[in-house]
Amino acid sequence: MTDCQRLMDALGKGELPADLATHAASCPHCSAAVAAYRALEPKAGVTRRAPLALTSTLEHELARTAGTRARSALWEPLLLGVIQAAVAMGVVVFLGNNGRVLGNREPAVVLVVLGLALGACAVGGTLAAVAPGFPRLRWFLFGAAVSTAVLLGACGSGLPALKPFLVAGRTCASVELACAALPLGVTMWLQRRFAFDPLRAVLGSVAAAATGVFALHLHCPVGTADHLYAFHVAPWVLLGGLGLWIRSRLGSRSYAP
Amino acid sequence: MSRFIEGDRGAFEVLFQRYSQPIHGYLLRMVGTEAQAQDLTQLTFLSVLRSRDRFRPGALFRPWLYAIATNAARDQHRRKRPEDPIEHAEGESHEPLAQVDPFQQKAVRQALEQLPESQRVPIVLHRFEGLSFAEIAEAVGATETAVKVRAHRGYEKLRELLGHLEAQR
C-alpha cells in the first residue's frame, strides 16, 4: 500500500501519524487532499431534521411483507433458465418437424465450443442480469459474449446459401428474434426489481437470445461469414441494444443492487 | 436485518428509525432539494422492503443501504427531464445551521456538484457519512483501492474548486 493510500485510510482517525504528516507535507497531491478534507465541515450543506415517518406506501408494503419469510433470490434466474430451456426445446421440436435439427456442416468440435460459449453467455448473463452480486464478473461476461459473437461468424463451414442472400437471411433473423421475444420480455420485467445498470441490461438481453442463437446456428446449413455475421450475429447484437433501450425506459420497483 | 428477513415488522421499524435520517442527509447532499431527498429516502426503504431476499446473510447492512440510496439518486438524476425546474433554490431545502458559515455551506455544495459522480459519492460517504473505504467499496461495487484513488482525486479537485470559490467571495 502506498503512502497516499495509507494517508486516505488515516483521514478521519484523528491526527495524522508523524510519517504520514511528513509525506503529506512533501506530496502536493496529498497536501491538497488533506486540506480539502479539513475544509469540509461534516455538517456543512445540510440540516439534521426531525425523524422521518413511514409513509402510507411504506406502511402498506410493510403490512404486505410482515410475517412472511423472504423468498430465495435465486427464483428469478431459475425462472429465466426454465423459460430459456423451454424455448430451446420448442425450437428443437419445431425445427425437427422437417427433420433438420442439425443442418450445420461445421466440425463437431467447433459446434461443441460454440455451444459451451453460448451456454456460458446464457447462464452467466442470466445470473448477472437478475441475480444479486457478480458486479465484477459483468465486464468479463461482456467480453466473453463479444468473443463468442466473433467466433460464431468466423468459424462458419463456408457452405453457400441456395437461396438469395436476403431471402435466406430474413428467415434466420426472424427465427432468432422470435426465439428471443419471450425470454427478453421476462428478463426486462424481472430487471425492474433492480436499479438500472446498462451492462446488466445488455447482458440480460444477450443471455435471453443466446439459446435461440445456438438453436438457429445448429439448424442453419449456410456457413458463409457474411450470412452468419449479417443474420445470426447482427440480430443478436441488435437484441442487446434493444434490451438496453427498453430497460432504460422502464422504471425500477427497487434500487437494491 | 436477519430478523426482518424472517418477517419481523418491528425489525424494519428499528432500521428505519436508525437510518432514515442519515440516508436523508446523504440524499440531500446528492440531489440538493428537500422534496427529492424525502422521496428518495422513502424509495430507498421501499427498496429494502421489496428486496430483502437479496441481502446476503452476514453482509453489512449499512453499505447495502447506501448502495440502494446511491442507485435511487442516480436513477432520479438519469430520468430528470431537461424542462424540470431549476433545483437548489435558495432557502427551499434547508435552513443553514447557526454554527456553519452559510457561504461555506453553499461553496461546499457547489464544489461537490462539480465533481463527477464517481468521485462525489466516495467523498460524501467518507467525509459526511463516516463510512470506511471498505464499506464504500462494498456500497459502490468497486475495489477498496479504486475507491481510495477516486476519493483522493476528488479531494484534490475539491481543494482547487473551493479555492476558486473562496477567491470569488
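Helix 6 of chain B and helix 7 of chain B are oblique to each other. Angles under 35 degrees count as roughly parallel, over 145 as roughly antiparallel, 65 to 115 as roughly perpendicular, and the rest as oblique. In this pair the angle is about 140°, and the axes are 10 Å apart. Axes here are lines fitted to C-alpha atoms, for helices over the stretch in contact, with angles from 0 to 180 degrees between N-to-C directions. The helices themselves are DSSP runs of H or I with at least four residues, strands are runs of E with at least two, and both are numbered from the N terminus.

Helix 6 of chain B contributes V121(B), P122(B), L125(B) and H126(B) to the contact, and helix 7 of chain B contributes F133(B), I136(B), A139(B) and V140(B). Contact means that C-beta atoms, placed from the backbone, lie within 7 Å. By class, this contact has seven nonpolar residues, one polar and no charged. For the classes, Ala, Val, Leu, Ile, Met, Phe, Trp, Tyr, Cys and Pro are nonpolar, Asp, Glu, Lys and Arg are charged, and the others, Gly among them, are polar.

Some housekeeping. This is a predicted model, where local features need pLDDT of at least 70 and side-chain atom pairs count only at pLDDT 80 or more, while totals for chains, interfaces and linings use all residues. Residues are numbered from 1 along each chain as its sequence is written, and chains are lettered from A and ligands numbered from 1 in the order in which they are written.

Staying with chain B, the domain assignment, which is automatic or from a database, gives domain 1 (1-81) and domain 2 (100-169). Their centres, taken over C-alpha atoms, are separated by 21 Å. Between them, 10 residues of domain 1 of chain B touch 11 residues of domain 2 of chain B. On the domain 1 side, helix 2 and helix 4 of chain B each supply at least two residues, and the largest share, five residues, is from helix 4 of chain B. That side divides into seven nonpolar, one polar and two charged residues.

Now chain A. Along the principal axes, the C-alpha atoms of chain A fill a box of roughly 80 × 55 × 30 Å. Chain A is assigned domain 1 (3-9 + 16-39) and domain 2 (75-249), with centres 51 Å apart over C-alpha atoms.

Last, the two chains together. In total, 53 residues of chain B are in contact with 48 residues of chain A. On the chain B side, the largest share, 10 residues, comes from helix 2 of chain B. By class, that side has 20 nonpolar, 18 polar and 15 charged residues.

Note on methods. Two residues are in contact if their C-beta atoms, placed from the backbone, lie within 7 Å.
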